[in-house]
Amino acid sequence: MFRTSPEGFSLDGRPLRLLSGALHYFRVLPEQWPHRLRQLRALGLNTVETYVPWNLHEPRPGEYDFEGLADLDAFLHTTRAAGLHAIVRPSPYICAEWENGGLPWWLGADREVRAVRCQDPAYLAHVTRWYDRLMPVIAPHQTTRGGNVLMLQIENEYGSYGTDTGYLEWIADAMTRRGIDVPLCTSDGPDDFFLTGGTVPGRLATVNFGSRASEAFTRLARVRPEDPVLCMEFWCGWFDHWGDGHTVREPADAAAALAEILDAGASVNLYMAHGGTNFSTWAGANTGDPATGAVYQPDVTSYDYDAPIDEQGGATAKFRAFREVLARYTDGPLPEPEPPAPLLPAGRLELGESVRLFDVWDALAGKPVCSPHPPSFEELGIGQGLVRYASRIPGPRGPYPLSVQGLADRAHVFVDGEPRGVLERDGADRVEGVAVDGPGARVELLVESMGRVNYGVATGESKGVHRVLHTQQQLHGWSARALELGHGIPAALSWPSGVAGAAGGAGNPGAPGPAGARGEPGGTGPVFHRGFLDLGEGRLGHDALVALPGWTKGYLWVNGFCLGRYWDRGPQRTLYVPWPLLRAGRNEVVVLELDGCAEAAVELLERPDLG
């Protein structure tokens with residue numbers, strides 16, 4: 001039996017200091033779970049912590065996925081086989097730099113849901129249904145039933161969001177009524193308003209921070225003097241945003257902060273011990289300080305986090321520094337870390353087949369939806385991808401600005417088939433000088449969504465366009481067609497024989513079209529490109545690192561699995577290809593380039609480049 005007391009934690013009557021590390025099963029392929037968990041043991045940890053993302057497991061209301069990357073039951077079995085205890089943080093909200101903080105996109109399409117993360121009846125009805133499915137997966141793994149799950153968390157960092165503590169009590173009660181009988185906890189920042197807004201009477205309160213442990217624990221003690229001390233998130237690294245630099249924390253500095261936590265007699269959870277990857281379109285976003293101009297900040301594909309175990313599963317300098325600290329608090333010698341999988345050698349792969357997105361749009365996209373105003377992604381029934389909006393400007397009329405308001409998050413603009421620029425959220429919101437010479441002009445917007453905000457009051461945002469104006473006049477009469485991207489190559493995508501050069505010249509399928517043709521329906525992009533990587537049996541079990549020099553922005557799939565997004569603004573320059581995705585023989589590589597590339601080839605590198 002796992003118990004908490006003012007003196008600390010105990011398991012079956014014996015004291016237990018939690019030396020935990022965060023490793024999210026949904027950011028690591030299942031075949032790699034055993035290796036990564038053994039690395040945690042070698043680091044000196046006795047516990048693994050994971051979130052549970054609701055949106056991964058319930059992609060549409062009442063439709064559940066607990067297989068493959070989403071097989072939580074198998075992951076918990078694997079953690080026990082690795083000799084680790086487990087802490088589960090099971091949503092509804094997780095933050096985690098994950099799309100929408102783990103909340104399903106379709107909550108925004110339910111008009112009965114007026115607010116999330118509070119006692120809104122319609123929202124709680126969805127949570128009830130979700131917990132009816134989730135808790136029976138977790139409950140058999142509790143220590144009270146012979147398993148290894150020590151503790152569950154109530155919501156996540158609620159003190160950073162709201163004050164509806166009755167909602168937190170509702171969550172706790174919903175868990176216990178579904179068979180959860182191990183201790184429950186909350187986690188928040190150490191400031192007083194975090195702790196008074198995010199804690200629950202009678203439930204363990206924990207704190208999250210990256211430094212100044214003594215200050216954080218003193219503040220916690222003022223609110224909860226009888227609780228054992230646990231740092232639920234020791235931020236030993238950090239995440240990256242597109243267009244920013246790569247965040248690195250010096251190993252010695254992080255190790256000193258870890259030592260301060262442990263010297264205080266506290267337990268700890270390293271966030272992250274191993275970050276993994278934001279595969280597909282699961283990367284979230286943040287909102288910055290409007291005064292700096294950095295308002296919307298989408299997260300990159302890699303979730304390496306500058307963690308002690310890197311994205312490929314290797315032991316870093318930070319691993320060695322942490323291991324030296326943790327070894328003082330473990331019984332007996334630690335196992336040695338294992339090497340990561342070897343990498344495929346450097347090389348170049350030509351993507352010799354291509355087809356323009358607009359040439360196959362009718363086969364790939366959903367049915368047209370007509371509306372007086374541009375419908376949101378949620379109203380069109382998709383979470384992530386592309387929506388092609390079309391309307392008309394009546395004419396004739398002079399050259400007025402075409403303004404796009406509420407853009408989330410990026411739009412290629414066309415007027416009568418001619419490209420008029422690319423607009424981005426928090427950037428320029430208009431195209432100047434759009435005139436109509438005849439009776440009318442066709443306006444099209446190809447809108448791409450990036451990650452939904454995962455932290456703060458902006459969580460739960462919608463994607464798409466709010467309104468479009470020509471001068472001060474709203475444009476009505478919209479048609480919209482949606483193409484969901486990310487979780488697999490669109491099923492109807494075909495590669496007609498003899499069209500390898502359809503995107504450019506026949507001799508160079510990636511060559512740009514006429515000047516100014518980037519991104520237009522009749523030009524080079526957006527374009528799907530395809531090539532094949534042939535591997536012998538001796539290369540099985542090898543990871544790969546793919547770079548896309550000369551490409552601009554888009555998505556990459558390997559054998560139908562979406563690795564995620566790439567963007568030339570960095571900082572990330574390589575995408576990680578885990579070995580389970582590769583097979584002997586022919587491997588299909590597909591890239592959807594949205595803006596246009598210099599030449600259709602990718603490179604395999606022997607070192608990661610995260611900026």
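The following legends describe close-up views of a predicted model.

In this predicted model, local features need pLDDT of at least 70 and side-chain atom pairs count only at pLDDT 80 or more, whereas totals for chains, interfaces and linings use all residues. Residues are numbered from 1 along each chain as its sequence is written, and side-chain values use heavy atoms, with hydrogens and water left out.

**View 1. Packing of helix α8 with helix α9.** Helix α8 covers residues 251-263 and helix α9 covers residues 317-326; helices are DSSP runs of H or I with at least four residues, strands are runs of E with at least two, and both are numbered from the N terminus. The two axes lie 9 Å apart at an angle of about 25°. Axes are lines fitted to C-alpha atoms, for helices over the stretch in contact, and angles run from 0 to 180 degrees between N-to-C directions. The helices α8 and α9 are therefore roughly parallel (angles under 35 degrees count as roughly parallel, over 145 as roughly antiparallel, 65 to 115 as roughly perpendicular and the rest as oblique). Pro-251, Ala-254, Ala-255, Leu-258, Ala-259 and Leu-262 of α8 meet Ala-317, Lys-318, Ala-321, Phe-322, Val-325 and Leu-326 of α9, where contact means heavy atoms within 4.5 Å. This contact of α8 with α9 has eleven nonpolar residues, one charged residue and no polar residues. In this classification, Ala, Val, Leu, Ile, Met, Phe, Trp, Tyr, Cys and Pro count as nonpolar, Asp, Glu, Lys and Arg as charged, and the others, Gly among them, as polar.

**View 2. Packing of helix α1 with helix α9.** Helix α1 (residues 33-43) packs against α9 at an angle of about 55°, with the axes 8 Å apart. That angle makes α1 oblique to α9. From α1, Gln-39, Ala-42 and Leu-43 meet Phe-319, Phe-322, Arg-323 and Leu-326 of α9. By class, the contact of α1 with α9 has five nonpolar residues, one polar and one charged.

**View 3. Phe-322 and the largest nonpolar core.** The largest nonpolar core has 97 residues; such a core is a set of buried Ala, Val, Leu, Ile, Met, Phe, Trp, Tyr and Cys residues joined through side-chain atoms within 4.5 Å. Those with the most contacts inside this core are Tyr-123, Leu-152, Phe-234 and Phe-322. Helix α4 (residues 121-138) gives the most to the core, with ten residues. Leaving aside neighbours within four places in sequence, Phe-322 is in contact with residues including Leu-43, Phe-234, Cys-236, Leu-270 and Pro-308.

**View 4. Two cis peptide bonds.** Ser-91 and Pro-92 are joined by a cis peptide bond with omega of about 15°, and Pro-92 is found in the loop between β6 (85-89) and α4. A cis peptide bond also joins Tyr-271 and Met-272, with omega of about 0°. Met-272 is found in strand β11 (residues 267-274).

View 5. Asp-12, although not a glycine, has a positive phi of about 55°. Asp-12 is placed in the loop between β2 (8-11) and β3 (14-15) and counts as exposed at 60% relative accessibility. Asn-100 has a positive phi of about 60° and is not a glycine either. Asn-100 lies in the loop between β6 and α4 and is buried, with a relative accessible area of 4%. Buried means under 20% relative accessible area, exposed over 50% and partly exposed in between, with a 1.4 Å probe and protein chains only.
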